[in-house]
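Biologist: I have a new model on my screen, and I would like to go through it with you piece by piece.

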Amino acid sequence: VAFVHIRAIGIPVSEIVNACRGLRLISAFKYTRYWTGMKAIVNTFADIWATMLSLLGLMTVYLILFSLIGMRLFQTRLSLPSPMHPNYNSFVDASLLAFQLATTEDWHTVMYTTAASYKYG
């Protein structure tokens, strides 16, 4: 039944099988009991997963918040040089732009374009 749905969305079954073969790497974690260094790393990740999950949730809330603020302030005012760059015209584009700015990827282009396109006074 699952293969019928996968074929309906256009993903070849061979690619799905290749992806499932990669899951065999998970079996390497059963050997951590013999390797003390790896066991310490796995135990550390097991101890902090809840904290990291809450941090990820907090970061998501901040990205959504700054996406909405950007949409309110700069919607239809920001015109970046190419259509490949996201803008604040839709929530998805605003979220992509907030993530782009948070990771400091090409942030100076966004900063100069925003400053040039915003009318002061």
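Modeller: Let me begin with a term: a nonpolar core is a set of buried Ala, Val, Leu, Ile, Met, Phe, Trp, Tyr and Cys residues joined through side-chain atoms within 4.5 Å. Buried means under 20% relative accessible area, exposed means over 50%, and partly exposed lies in between, with a 1.4 Å probe and protein chains only. This is a predicted model, where local features need pLDDT of at least 70 and side-chain atom pairs count only at pLDDT 80 or more, while totals for chains, interfaces and linings use all residues. Residues are numbered from 1 along each chain as its sequence is written, and side-chain values use heavy atoms, with hydrogens and water left out.

Biologist: Which residues make up the largest nonpolar core?

Modeller: That core has five residues, namely Met71, Tyr88, Ala94, Leu97 and Val110. Met71 is also in contact (heavy atoms within 4.5 Å) with Tyr88, Ser90, Phe91 and Ala94, once its neighbours within four places in sequence are left aside. In the chain as a whole, 16% of the 121 residues count as buried.

Biologist: And what does the secondary structure of the chain come to?

Modeller: There are five helices and zero strands, where helices are DSSP runs of H or I with at least four residues, strands are runs of E with at least two, and both are numbered from the N terminus.

Biologist: Where is confidence lowest, and where is it highest?

Modeller: Going by pLDDT, the predictor's confidence in each residue from 0 to 100, helix H1 (residues 2–9) is lowest at a mean of 54, whereas helix H3 (residues 36–74) is highest at 88. The mean for the chain is 78, and 76% of its residues reach 70 or more.

Biologist: Back to H4, then: which of its residues are buried?

Modeller: Ala94, Leu97, Ala98 and Gln100 are buried in H4. They cover an arc of only 160° around the axis, taken from the directions from the helix axis to the C-beta atoms, and therefore sit on the same side of H4. Val92 and Ala102, on the other side of H4, are exposed. The length of H4 also agrees with expectation, because its 12 residues (91–102) should span 16 Å and its end C-alpha atoms are 16 Å apart; the expected span is 1.5 Å times one less than the number of residues.

Biologist: Changing topic, how many aromatic pairs does a search of the whole structure find?

Modeller: The search finds one. The ring centres of Tyr62 and Phe66 are 6.4 Å apart and their planes are at 25°, so the pair is stacked; rings of Phe, Tyr and Trp (its six-membered ring) pair if their centres lie within 6.5 Å, and planes under 30 degrees apart count as stacked, over 60 as edge-to-face and the rest as tilted. Tyr62 and Phe66 are four residues apart in helix H3, and therefore separated by about one helical turn.
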